[in-house]
Amino acid sequence: MGKQLILFRHGKSNWDADYATDLDRPLAKRGIKAAKAMGKLLRQADHVPQIVRSSPAVRARTTAELAHKAGDWDCLLTLAPELYETTPDRMLTYLKTVPDSIDRLLLVGHEPTWSELTLLLMGGGQVQVPTAALVGLELAIGEWGAIEPGCGCLRWLLLPRLLA
């Protein structure tokens with residue numbers, strides 16, 4: 001069995017809120033609701049990750065924390081500065097460092113990186129990852145160090161608006 005990678009784009013952010021930097025931009029009410037719903041959905045679908053790593057941006061971190069709590073996930077949640085303002089190539093390098101004991105990893109981050117990384121791992125095509133969407137990829141690798149372009153198969157793309 002290969003590795004599973006779940007990419008979770010942060011929930012809808014509040015552009016009208018008072019924040020000092022892009023890192024500080026919070027979630028909107030809609031983003032809060034969607035984060036909780038997606039956390040519960042992963043629990044119900046039996047796709048709870050073994051570990052969650054989130055961008056340190058407030059909107060991403062809050063999305064991860066809300067989903068983690070709402071889904072009652074029993075896994076470690078850590079912040080990973082490497083997930084903020086990154087590129088697909090840097091993400092491949094980052095993913096090569098994931099411990100091989102992890103079979104299902106969830107990363108919480110941003111666009112356009114999540115769409116671009118999905119396409120890179122699939123080996124092409126087109127995809128757009130909307131806010132609070134979950135992308136499930138099955139990777140044809142036995143160890144994270146073997147990750148490369150084209151090693152992934154898109155298993156699902158779940159949108160929070162489909163749960164309404």
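**Figure 1. Ala-132, a buried residue in a loop.** With a relative accessible area of 1%, Ala-132 counts as buried (buried is under 20% relative accessible area, exposed is over 50%, and partly exposed is in between, using a 1.4 Å probe and protein chains only). Ala-132 sits in the loop between H4 and E5; helices (H or I, at least four residues) and strands (E, at least two) are DSSP runs, numbered from the N terminus. Its phi is near 65 degrees, a positive value in a residue other than glycine. As background, most residues other than glycine have a negative phi, and most peptide bonds are trans. A word on the model: it is predicted, local features need pLDDT of at least 70, side-chain atom pairs count only at pLDDT 80 or more, and totals for chains, interfaces and linings use all residues. Residues are numbered from 1 along each chain as its sequence is written, and side-chain values use heavy atoms, with hydrogens and water left out.

Figure 2. Asp-46 is exposed, at a relative accessible area of 59%. In the loop between E4 and H4 we find Pro-112, joined to Glu-111 by a cis peptide bond with omega about 5 degrees.

**Figure 3. The open sheet.** Six strands line up in the order E3-E2-E4-E1-E5-E6, with mixed pairing (two strands pair if DSSP finds at least two bridges between them). Strands E3 (76–79) and E6 (152–158) are the edges, each pairing on one side only. On average, neighbouring strands are turned by 20 degrees against each other, direction ignored; axes are lines fitted to C-alpha atoms, for helices over the stretch in contact, and angles run from 0 to 180 degrees between N-to-C directions. Zoom in on E1 (residues 3–9) and E4 (residues 104–109): they run parallel and are joined by 6 bridges. Gln-4 has Arg-104 as its bridge partner in E4.

Figure 4. H3 (residues 88–95) lies across E1, E2 (51–54) and E4, at about 145 degrees to E4. Buried residues of H2 include Val-58, Ala-60, Ala-64 and His-68. The buried residues of H2 pack against E1, H1 (29–44), E2, E3 and E4; contact means heavy atoms within 4.5 Å. Just after H2, Asp-72 takes a positive phi of about 55 degrees.

**Figure 5. Nonpolar cores and Trp-144.** The largest nonpolar core has 26 residues, and Leu-5, Leu-107 and Trp-144 have the most contacts inside it (such a core is a set of buried Ala, Val, Leu, Ile, Met, Phe, Trp, Tyr and Cys residues joined through side-chain atoms within 4.5 Å). H3 gives the most to this core, with 4 residues. A second, separate core of 20 residues includes Ala-67, Leu-106, Val-108 and Leu-134. Leaving aside neighbours within four places in sequence, Trp-144 is in contact with residues including Leu-5, Leu-95, Pro-99, Ile-102 and Leu-139.

**Figure 6. Arg-43 in helix H1.** Arg-43 belongs to H1 and is partly exposed, at 38% relative accessible area. Neighbours within four places aside, Arg-43 is in contact with Val-48, Gly-71, Asp-72, Trp-73 and Asp-74.
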